[in-house]
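Here is a short briefing to read with the model open beside you. Take the topics in any order you like.

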Amino acid sequence: MTTSPDLAAPPDSGGLPNLRPSSPRYGEKIIFGILAGSAVISVATTVAIVLSLIMPSLDFFRDVSIVEFLTGTEWSAGFQDAQYGVLALLSGTIQVVFYSLLVSIPVGLGVAIYLNEYAPDWVRRAVTPVLEILAGVPTVAIGLWALYALTPIVADLLPFLEWGTYSIGVAGLAVGLMSVPIVSSVSQDALRAVPDSLRQGAFALGSTKREVSIKIAVPAAFSGIVASIILAASRAVGETMIVLMAGGGRPQFTFDPTEPVLAMTSFIGQTATGDIAAGTTTYDTIFAVGLLLFTITLILNMLAIRMVRRFREVYE
Amino acid sequence: MKSPNLAASGAAAATERGLLSNGRGKTVGTLFASLLFFGLSVAMLGLAWLLVWSFLRAQGRLSWDLFTNPPSTLDIESAGFRPAILGTLMVMAFVFVVIVPLGVGAAIYLEEYADRNRWYNRFIELNIQNLAGVPAVVFGILGLAFIARGPFGLGFIPLTASLTLALLVLPTVILATREAIRAVPDSIRQGSLALGATKWQTISRQVLPVSIPGITTGVILAVSRAIGEAAPLLLVGATTFVVFDPELFNSGYTVLPVQIYQYATRAQPEFHDLAAAGVVIMLIVLLTMNGFAIWLRNHFDKKRVG
């Protein structure tokens, strides 16, 4: 307990009043224990996640070699003579990340720079809640819209490509719309942390607003902006419903955005929806793919946390 | 008479160049500003399109029957969301019961008790930050392996869904509560302690009452996130086709977003209209909740500044 120093009696209490508590205060200690316990729950959650991923994955890797899992490009879990090459699923995930960033980086950064450097106060106050609403739209709603509204329009706009009902590219674009608020809010925090004196100095030297934005504000907030992009990528890796609904369910190693491709998350969602007996290899694949998913997002999140910390250290 | 001429042309050239480059700079500047504004418009129009499309698609299906009728695969006309809506209400009630004490407790510990110089306290903080970034579907795996089966072994019941979602949104509550507690000025704590209150008396009678608006905002945002979450529940049994009302400890339940997903994957377009109707119900609930949370936060932020 951090309070003990101020409550402890001074070594030489000659003349000073007794500062010790009048009773042992067991109630306070019990409450401290309960509060510390609820904080520890989060650590226990992480431990439980890691355990629940690793235990069945060990079973899985007893049947399938790790090398085959990580380097194979063919995926046919649940079939006879099943192949477990996770690169097929990874190609779906990589495409989702790529096409989502294609939307969320320019749009999210545009929103952040506009709101922080250009917009009058009333626009900022009007737009910020709208972005929060966008961040709160459930992903099933976005998935439904992506499948039945966005896909036909993308097919009309790019008629020289062959678009089916499901395509991993459109799913990626929809994930991009979902992650705009992540890029814009984290970038905006970083831009806001840049001291105004830097901007005023540049203006005094005759810079235009655009030069101040591009050459002063953005470079000064660079680590925060990178963090926002990494966070958006991590969200895109982990997004399930949009990819499951609009991205299609065919596991294939391809980088063609018009194809239906099963991604890591949509594989987990699709397999879990079906009835699969516990203990079979197909059941264990959920955990092996989940472990890879968890590892990738963990690395991305740690990177982002470090980046955010860096700009906080510089300016706050 | 040569030199003044030269001076004049020099001045003219300088002015011209200055004006020209200024003109070009202005064009580029305007172009850049419009590009930024275009980005903002894409985000706003994307959201507007999504909302309007869902509403238009659902239009023919919006009626109170959605709340009273169970789902059906044969009679599309009368199919509704009754068990799914009841399931969502039941699951959310227990999410709320779990996240309020645990989230607020953890936040109080981290803000009021934890010594940041200790490695384990910094570890807990880092851990919560990381947990906030773990994909929802991974929490579904946790729910499947740890709560439905494994050590807890509760089975595929609504309570399992509640616990899974509670763990998923707990970081949201903790982060919001910490911010609310941090905003309470230290002078209030010192005044209370100086009058002889114990640490817990200070927290429970001075700090917490002041931070209630912030905590409420966090809890509302967390519950509204849990309402819209479908992915983790696919793994803990919410995909069963149910026509009857759910019970907390009985398997066979579903929730609104999962029911929407299932209608959306059916072949007949009539089911897609029905899915859109479900989206409209969910959006109305969520927009109301989020709007209230945002209003609450802005209202009390203003008060604090003023």
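Which residue forms a salt bridge with R82(B)? The partner is D245(B), and the closest N and O atoms of the two are 2.9 Å apart. This is a predicted model, in which local features need pLDDT of at least 70, side-chain atom pairs count only at pLDDT 80 or more, and totals for chains, interfaces and linings use all residues; side-chain values use heavy atoms, with hydrogens and water left out. Residues are numbered from 1 along each chain as its sequence is written, while chains are lettered from A and ligands numbered from 1 in the order in which they are written.

**Salt bridges**

- A search of the whole structure finds 18 salt bridges over all chains; a salt bridge is a side-chain nitrogen of Lys or Arg within 4 Å of a carboxyl oxygen of Asp or Glu.
- R199(A) pairs in this way with E117(A), with 2.8 Å between the closest N and O atoms.
- R199(A) sits in helix α8 (residues 196-204) of chain A and E117(A) in helix α4 (residues 87-118) of chain A, so this pair ties together parts that are 82 residues apart in sequence.
- Helices here are DSSP runs (H or I, at least four residues), as strands are (E, at least two), and both are numbered from the N terminus.
- Both R199(A) and E117(A) are buried, where buried means under 20% relative accessible area, exposed means over 50%, and partly exposed lies in between (1.4 Å probe, protein chains only).
- In chain B, R189(B) forms a salt bridge with E112(B), and their closest N and O atoms are 2.8 Å apart.
- That pair links distant parts of the chain, with R189(B) in helix α7 (residues 186-194) of chain B and E112(B) in helix α3 of chain B, 77 residues apart.
- R189(B) is buried at a relative accessible area of 11%, and E112(B) counts as buried at 10%.
- Back to the opening pair: R82(B) forms its salt bridge with D245(B), and this links R82(B) in helix α3 (residues 82-113) of chain B to D245(B) in the loop between α9 (231-234) and α10 (256-264) of chain B, 163 residues apart.
- R82(B) is partly exposed at 30% relative accessible area, and D245(B) counts as partly exposed at 33%.
- A network of salt bridges links E111(B), R116(B), E125(B), R178(B) and R182(B).

**Aromatic pairs**

- Over all chains, a search of the whole structure finds 21 aromatic pairs.
- W75(A) and Y84(A) make an edge-to-face pair, at 5.8 Å centre to centre and with 90° between the planes.
- Rings of Phe, Tyr and Trp (its six-membered ring) pair if their centres lie within 6.5 Å; planes under 30 degrees apart count as stacked, over 60 as edge-to-face and the rest as tilted.
- W75(A) is buried at 5% relative accessibility, and Y84(A) is buried at 8%.
- Ring pairs join W75(A) and Y84(A) with F60(A), F61(A), F69(A) and F267(A) in a cluster.

**Surface patches**

- R306(A), R309(A), R310(A) and R122(B) form a positive surface patch.
- Patches are made of residues with over 30% relative accessible area and no salt bridge, joining like charges within 9 Å and nonpolar side chains (Val, Leu, Ile, Met, Phe, Trp, Tyr) within 5 Å.
- Lys and Arg count as positive and Asp and Glu as negative, while His and the chain ends are not counted; a charge is placed at NZ of Lys, CZ of Arg, CG of Asp or CD of Glu.
- Helix α13 (residues 281-315) of chain A gives the most to the positive patch, with three residues.
- R122(B) is found in helix α4 (residues 119-131) of chain B and is partly exposed, with a relative accessible area of 41%.
- I153(A), L157(A), L158(A), F160(A) and L161(A) make a nonpolar surface patch of about 490 Å², with accessible areas taken from the Shrake-Rupley method with a 1.4 Å probe and, for residues, only the protein chains shown as cover.
- L158(A) lies in the loop between α6 (139-157) and α7 (168-193) of chain A and is partly exposed at 31% relative accessibility.

**Chain B overall, and a backbone detail in chain A**

- Chain B has eleven helices and zero strands, and 49% of its 306 residues count as buried.
- R25(A) has a phi near 55°, a positive value in a residue other than glycine.
- Most residues other than glycine have a negative phi.
- R25(A) is in the loop between α1 (4-7) and α2 (26-63) of chain A, and is partly exposed at 35% relative accessible area.
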